[in-house]
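Here is my note on the model, point by point. Please read it with the structure open.

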Amino acid sequence: MSTRPATASASTPDPAAARPGPAAQPHGAIVATGIEHTYSLAGTSAGQPVVALARTDLVVQPGEFVSLVGPSGSGKTTLLNILAGLLTPTRGQVTITGANPAGAGVPVVGYMTQHDTLLPWRTALRNVAFPLELARTPKQERLTRAAGLLDRVGLAGFAGHYPHQLSGGMRQRVSLARALIYGPPVLLLDEPFGALDGTTRLALHQVLAGVCNDLGTTVLLVTHDLAEAVSLSDRVLALAPRPGRVVREFTIPRRAGPHEVRDIYSEPELIALHNELREV
Ligand SMILES: Nc1ncnc2c1ncn2[C@@H]1O[C@H](COP(=O)(O)OP(=O)(O)OP(=O)(O)O)[C@@H](O)[C@H]1O
Ligand SMILES: [Mg+2]
């Protein structure tokens with residue numbers, strides 16, 4: 001086990017520290033440099049601007065699985081929206097596999113948002129295929145790819161079901177398949193399993209780890225569940241309350257080889273780490 005204060009790979013650096021020049025840019029699947037975000041609320045009755053994220057640097061290496069934990073309002077969703085290219089940060093830059101996510105041309109992230117966004121009038125298969133439909137992929141190809149992914153997440157027999165005919169865990173499997181339909185190098189997950197019971201959640205952990213191993217996907221997972229963070233991740237980053245910033249980084253020991261879902265309650269080292277995280 002190793003725990004340490006946030007470092008250059010995930011940090012809120014000393015303001016005096018020099019910003020790296022282009023030649024010194026770290027490489028990574030996700031590179032966020034000097035990100036800050038303030039919601040201005042100009043023209044509304046909501047009052048003062050909200051500083052959601054203080055200056056934050058983040059590097060996630062290709063194939064890495066990183067979790068982000070922190071109290072409600074610490075800017076986790078704001079950060080994911082910025083990494084997905086949906087929100088322009090007040091300051092700083094983001095690259096995903098070297099490209100600006102907002103202008104990459106091809107989608108470079110799959111994003112499972114905090115709220116269920118399946119379209120109720122579409123079957124599971126057509127929900128998964130929907131992003132390819134927007135990209136005008138030929139029908140046969142998009143349905144074949146969607147069916148393959150539904151199979152991969154364990155829903156081969158449910159392609160024709162509508163969202164209301166699926167359980168919460170099944171809907172999350174469909175959402176996961178849809179997020180992966182482009183084969184994005186990076187997957188962003190915002191509390192995807194929060195509403196599920198423990199058993200269903202464990203089953204989905206296995207599905208997620210398996211799919212990401214198969215596809216070599218880099219994952220950034222937001223969760224409130226510290227056991228989930230420790231059992232799935234290579235690293236866990238802890239955010240402080242508003243303005244959000246990474247204050248601690250925990251490296252989780254892992255045997256060499258593919259991602260595994262660890263049983264944190266049977267490994268003393270992981271129990272200690274879990275307890276330490278609870279105190280942050
Ligand atoms: N669209 C918005 N307009 C104004 N303020 C916003 C907006 N979105 C978020 N905020 C504010 O920014 C802060 C961070 O919000 P964010 O949703 O990123 O937090 P979070 O860490 O994801 O919280 P939670 O764990 O509850 O999902 C909060 O104070 C929130 O009120
Ligand atoms: Mg959120």
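**Notes on the model**

1. Arginine 136 counts as exposed, because 8 C-beta neighbours lie inside 10 Å. The cut-offs: buried is 20 or more other C-beta atoms within 10 Å of a residue's own, exposed is 12 or fewer, partly exposed is in between, with C-beta atoms placed from the backbone. The phi of arginine 136 is near 60°, a positive value in a residue other than glycine. Arginine 136 sits in the loop between helix 2 (124–134) and helix 3 (139–152). Helices (H or I, at least four residues) and strands (E, at least two) are DSSP runs, numbered from the N terminus.

2. On provenance: this is a predicted model, where local features need pLDDT of at least 70 and side-chain atom pairs count only at pLDDT 80 or more, while totals for chains, interfaces and linings use all residues. Residues are numbered from 1 along each chain as its sequence is written, and chains are lettered from A and ligands numbered from 1 in the order in which they are written.

3. Threonine 97 also has a positive phi, near 40°, and is not glycine. Its place is the loop between strand 6 (91–96) and strand 7 (109–112). Threonine 97 is partly exposed, with 18 other C-beta atoms within 10 Å.

4. Ala, Val, Leu, Ile, Met, Phe, Trp, Tyr, Cys and Pro count as nonpolar; Asp, Glu, Lys and Arg as charged; the others, Gly among them, as polar.

5. The axes of helix 4 (residues 168–179) and helix 5 (residues 198–215) come within 10 Å and cross at roughly 20°. Axes are lines fitted to C-alpha atoms over the stretch in contact, with angles from 0 to 180 degrees between N-to-C directions. Helix 4 is therefore roughly parallel to helix 5, the term for angles under 35 degrees.

6. Gly169, Gln172, Arg173 and Leu176 in helix 4 meet Thr200, Ala203, Leu204, Val207 and Leu208 in helix 5. Contact requires C-beta atoms, placed from the backbone, within 7 Å. The residues of this contact divide into 5 nonpolar, 3 polar and 1 charged.

Definitions and conventions
Angles under 35 degrees count as roughly parallel, over 145 as roughly antiparallel, 65 to 115 as roughly perpendicular and the rest as oblique. Two residues are in contact if their C-beta atoms, placed from the backbone, lie within 7 Å.
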